[in-house]
Amino acid sequence: MPTESKALSRTTFLASCPICGAREASEVVTFPELRFGRCAGCGLIYKQEQQPGLGDGYEEKYFRFTPAGYLARWDHRVRKCQRQILACLEFAPHARSLLDVGCSAGYVLAAAKSLGLSEMGMDFSDFAVQLCRERGFRAERGSLDKMPFADESFDIVTAKHTLEHIPSPIDGLREIHRVLRPGGVAFLIVPDAAYYKHTLMPRRGSSFRPDRRGWQHHVYFYEKNLADASARAGLTPVKAGKSIFRSRLARGPRAALEYARYAFLVGWTHGSRVTHTRREIQLISVKPGTPQALPASQAHAESAAR
Ligand SMILES: [Zn+2]
C-alpha cells in the first residue's frame, strides 16, 4: 500500500520539459513511485518525479517473455513492417540500408532484408541482440541516445516505440539525424498522448502505472510534439499518420482489395483520431540534403567493415 514515506522518496526526474524547456507543468497523475505532468509550453506529458531505483533491472523486467512469445504472429508482424518500410522508400527510393533502433526480435530486420535492404539492428538488451544474431541478422547493443555507429551510415532509420523510453527524446532524434545519410528517412512510432485513457483515466490504464509502463516510459507525445521534436533535431517531417497510406497502390487483380483496405483504414484512422481511441502516432521525417546513392554491394561492404 502507498505510504507517505514512499511518496517522500520520489526525486526529480525531469526538472523541465525535455522538448521545449518550459519549467511549468500541470499534474497528469501522481503515484507514490512517480509523477507525470503536462508541459505548460508545448503540452508534452513527461515524468517529473520518480522513486530512485524504479527503473533498475530494465532488461530483466522488460524482456521477461519467452522466445515462443517472440515467434507469435511473426509473418503478420513482418508484413506490417514491410508496408512501413515501403512507405519510407517513397521518400528515399535510393535507400540501400536500414537501421532499426530497438530491434527486439528482428521483425523490421526480416522485412528490410526481404526488400533487399542491408539490415542492422540495435537494442538496449543483450538478449534481443543475441536473438537477432541467431536469426541471421546483424545487430549491435546500444542505446538510442548514444549509438555505436558512424555518422551518415544509413538511408533509413526506424524507431518504433523506443523514443518514449529515453529521458531526452531530442538527444535520441539528434542521434538518428547523425547516423542518417543526407536525404535519408526516419520512421517513428510512439504512443499517442491524446489516447482517451491518458486524460480520462490516467490511474487505470497501463501507460502511467509504476508496475506497468510507468517505469519504462518517460514521455508521451501529441502529434505536434513529435513533429516539433523532430524538427528541432534537424529532421523535416513529411508524413504523419498510418504508413499504409501509400501514394502508389497496387494495380491488376489485387487493386480492388487494396483500395477497399485503403478506404477502410482511412476511415478507421480518422475515426480513432477524432474519438481519441488511437493508441499510436506515426511520423516520417527526412534529413535534408541530396542523397548520394551507393551501389548495394558498396553499402553492404561499408556496413560490414564497421
Ligand atoms: Zn514543453
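**Confidence and architecture of the predicted model**

For the protein chain, the mean pLDDT is 85, and 84% of residues reach 70 or more. Confidence is highest in strand 5, at 98, and lowest in helix 11 (residues 296-305), at a mean of 48. Where pLDDT is low, the predicted coordinates should not be read in detail. Residues are numbered from 1 along each chain as its sequence is written.

Helices (H or I, at least four residues) and strands (E, at least two) are DSSP runs, numbered from the N terminus. Seven strands form an open sheet of mixed pairing, in the order 7-6-5-8-9-12-11, where pairing requires at least two DSSP bridges between two strands. Strand 7 (139-141) and strand 11 each have a single partner strand and stand at the edges, so one side of each lacks a neighbour in the sheet. From one strand to the next, the twist averages 20°. Strands 9 and 12 run antiparallel and are joined by seven bridges; valine 185 has valine 286 of strand 12 as its bridge partner. Helix 6 (residues 126-134) lies across strand 6 (118-123) and strand 7, running at about 165° to strand 7; angles run from 0 to 180 degrees between N-to-C directions, with axes fitted to C-alpha atoms, for helices over the stretch in contact.

Helix 4 (residues 74-89) contains Cys81, Gln84, Ile85, Ala87 and Cys88 as buried residues (20 or more other C-beta atoms within 10 Å of the residue's own; exposed, 12 or fewer; partly exposed, in between; C-beta atoms placed from the backbone). These buried residues fall within an arc of 150° seen down the helix 4 axis, so they line one face of the helix; the arc is that of the directions from the helix axis to the C-beta atoms. Asp75 and His76, on the other side of helix 4, are exposed. The packing partners of the buried residues of helix 4 include helix 5 (107-114) and strand 8 (154-160).

In helix 9 (residues 223-232), Asn225, Leu226, Ala229 and Ser230 are buried. Their arc is within 130° down the axis of helix 9, so they line one face of the helix.

Definitions and conventions: Predicted model: local features only at pLDDT ≥ 70, side-chain atom pairs only at ≥ 80, totals over all residues. Contact = placed C-beta atoms within 7 Å. pLDDT = per-residue confidence, 0-100.
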